[in-house]
Amino acid sequence: MAKFDSYPVADSVLPDDLLITDGTRGTKTIRASEAIYKLLEPVPQMHRVIWRGKNLGSRYTTAQQTAVANGTLTDIWLGDYWMADGIKWTIVDFEAANQSMQDLPATYLTIMPDQSIGRSEMLQSSNPVAMQDTHIYKHLDSWQLYKFETIFGASHILEHPVSFEGAWQTGSWESMRSNGPTGYQRINKKIALPTEIDWFGSRLITAKVNEQWSVQTTSTRQFAAFRMGWTPKLPADHGVWLHGQASNNYYAAVKKNEGAVMTIYSVQNGVCPYVFVR
């Protein structure tokens, strides 16, 4: 057999090219497309920052549960997904709650669908209510949580604190400087709508007087997948609701080819909620 250095030097590497490894376990081959993940498999921190996008099946398996519970994240990487009902239930981040949420496990997954999984108005009347009392949030658990539970199991979905703004006082977005939500509270939820912070990494619609309320509504940080350019497939003819309010009657949403927009409460927009999975 010729020595390795007698072969021509490769000027590029294709995904299907085979690389050779040699050691105490013998001589083996590995496809180039898999090499980086195999090389860094023992380093769970790298699983959180390198995108893979592999199909992990249709159900959260015992082996996967163990890999998350023990923190090794074996064969689980950012961008990987479970495929069910034509939807990619995607790992958009790992520990996405901000650092003050220290009652959560050291390792967990943040899961979002790659498209809207339902459609509803935010409110059914113009009466001002706290965010947790909107039509969507009053029904979100019974309406959408079971879809996540079918794939991941109810016992694996974590409750976590979500910041909810109080009912809007008076006025509209034109008079932000004298109006706004009446306080806030953190409520433990298993399922929530993403905020502007989660999606865009900054506030675009819900910026209030000198950011007075912004510091009260940051239970999570921007999801890693969005920092890498991932986004759910947005509907062509309507938006997707965000967890954010711009005025008494207008709420934050994302629309295809428009970005973050203010949308009146009665519009039927889609939802792409997220959950934390252990």
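Which residue stands opposite Thr90 in S5? The residue opposite Thr90 is Met112. Before I continue, a word on the basis of this talk. The model is a predicted one, in which local features need pLDDT of at least 70, side-chain atom pairs count only at pLDDT 80 or more, and totals for chains, interfaces and linings use all residues. Residues are numbered from 1 along each chain as its sequence is written, and side-chain values use heavy atoms, with hydrogens and water left out.

Let me begin with the sheet. Helices (H or I, at least four residues) and strands (E, at least two) are DSSP runs, numbered from the N terminus. Strands of a sheet pair through backbone hydrogen bonds, either parallel or antiparallel. Two strands are said to pair if DSSP finds at least two bridges between them. Here, five strands form an open sheet in the order S3-S4-S5-S14-S7, and the pairing is antiparallel. S3 and strand S7 (157–158) are the edge strands, each pairing on one side only. Within this sheet, strand S4 (residues 87–93) and strand S5 (residues 109–113) are joined in the antiparallel sense over four bridges.

I turn now to the aromatic rings. A pair of aromatic rings is described by the distance of the centres and the angle of the planes. Rings of Phe, Tyr and Trp (its six-membered ring) pair if their centres lie within 6.5 Å; planes under 30 degrees apart count as stacked, over 60 as edge-to-face and the rest as tilted. Across the whole structure, the search finds 14 aromatic pairs. Buried means under 20% relative accessible area, exposed over 50%, and partly exposed in between (1.4 Å probe, protein chains only). Trp82 is buried, at 0%, and Phe152 is buried too, at 1% relative accessibility.

Another pair, Phe223 and Phe226, is tilted, with 6.4 Å centre to centre and 40° between the planes. Both of these residues are buried. They also belong to a cluster linked by ring pairs, whose members include Tyr108, Trp199 and Trp230.

A charge sits over a ring if NZ of Lys or CZ of Arg is within 6 Å of the ring centre and within 35 degrees of the ring normal. Lys88 lies over the face of Tyr81, at 4.8 Å from the ring centre, and the charged end of Arg52 sits over the ring of Tyr37, 5.7 Å from its centre.

Finally, what is the bend of H4 at Asp141? The bend at a residue is the angle between axes fitted to the seven residues ending there and the seven starting there. For H4 at Asp141, that angle is about 45°. The buried residues of H4 include His135, Leu140, Phe148 and Phe152. Just after H4, Gly153 takes a positive phi of about 90°.

In the loop between strand S6 (119–120) and H4 we find Gln132, which is buried at 17% relative accessibility. Contact means heavy atoms within 4.5 Å. Leaving aside its neighbours within four places in sequence, Gln132 is in contact with Tyr137, Lys138, Phe164, Glu165, Gln185 and Ile187.
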